[in-house]
Amino acid sequence: MASSLTCTGMIWALLSFLCAAVSCIGFFMPYWLLGSQLEKSVSFGTFRRCSYPVRDESRQTTVMVEQCGRYASFQAIPSAEWRICTVVTGLGCGLLLLVALTALMGCCVSELISRTVGRVAGGIQFLGGLLIGSGCALYPLGWDSEEVRQTCGNLSNQFELGTCEIGWAYYCTGGGAAAAMLICTWLACFSGKKQKQYPY
């Protein structure tokens, strides 16, 4: 099978896929913010949560349901900042995934990725990384919501964690985006082979 990528392009395709995978997994996992409520571990993502309180009418108490899931609707996400973060980060992950899959196809399809296409793909990766970075920067603005305050000892506020801590998924999402912006964008400039000039 003929490839449209240079040796640098092969490395770019592999790193692009890894960066996109790490960012997408981090975005989907509900472990961006870790805390506890009623002596149970609680974690939040942008649109998912693990462990939530439910009123038990038979015992007249509040109990924690230890399950992970999405919020029932987009409006149920605890803060407007987290809703924006979900959309922006999701778009960024989509762009990184699109470029990564195109780059992998370039390993098998000749004349798919030229130097110009590689540079455009690098620009799209930079934009995707920038969107994810913006989402990660917006996330702490939602720490003043009531749900987060209950989990973080009623001490959390915007950019103040209280008793909570940042989870591994937040670092994965941001790290994948940073690597895509800094390394993959640069490698993309050297990824495509020079196109053949046809006489007609």
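Which residues have the most contacts inside the largest nonpolar core? I started there, keeping in mind that this is a predicted model, where local features need pLDDT of at least 70, side-chain atom pairs count only at pLDDT 80 or more, and totals for chains, interfaces and linings use all residues. Residues are numbered from 1 along each chain as its sequence is written, and side-chain values use heavy atoms, with hydrogens and water left out.

**Entry 1: the core.** I looked up the largest nonpolar core and got 39 residues, with Trp12, Trp32, Leu33, Phe44, Trp82 and Tyr139 having the most contacts inside it. (A nonpolar core is a set of buried Ala, Val, Leu, Ile, Met, Phe, Trp, Tyr and Cys residues joined through side-chain atoms within 4.5 Å; buried means under 20% relative accessible area, exposed over 50%, partly exposed in between, with a 1.4 Å probe and protein chains only.) Helix H1 (7-28), strand E2 (40-44) and helices H2 (80-106), H3 (115-138) and H5 (168-188) each give at least two residues to this core. H5 brings the largest share, eight residues. (Helices, H or I with at least four residues, and strands, E with at least two, are DSSP runs numbered from the N terminus.)

**Entry 2: H1 against H5.** I checked this pair and found axes that come within 8 Å and cross at roughly 160 degrees. (Axes are lines fitted to C-alpha atoms, for helices over the stretch in contact; angles run from 0 to 180 degrees between N-to-C directions.) So H1 is roughly antiparallel to H5, a label for angles over 145 degrees. The crossing is left-handed, meaning that the near helix is turned anticlockwise from the far one by less than a right angle. Trp12 of H1 is one of the residues in this contact, and Cys172 is among those from H5. (Contact means heavy atoms within 4.5 Å.) I sorted the contact by class: 15 nonpolar, six polar and no charged residues.

**Entry 3: H2 against H3.** Here I read an angle of about 155 degrees, with the axes 8 Å apart. That makes H2 roughly antiparallel to H3. This crossing is left-handed. Among the residues that meet are Leu95 and Leu96 from H2 and Leu127 and Leu131 from H3. The classes are 15 nonpolar, seven polar and one charged.

**Entry 4: serine 191.** Is serine 191 buried or exposed? I found it buried, at a relative accessible area of 0%. Serine 191 sits in the segment after H5. Leaving out residues up to four places away in sequence, serine 191 touches Ser4, Leu5, Thr6, Gly9, Trp12, Ile113 and Gly118.

Key: Angles under 35 degrees count as roughly parallel, over 145 as roughly antiparallel, 65 to 115 as roughly perpendicular and the rest as oblique. Ala, Val, Leu, Ile, Met, Phe, Trp, Tyr, Cys and Pro count as nonpolar, Asp, Glu, Lys and Arg as charged, and the others, Gly among them, as polar.
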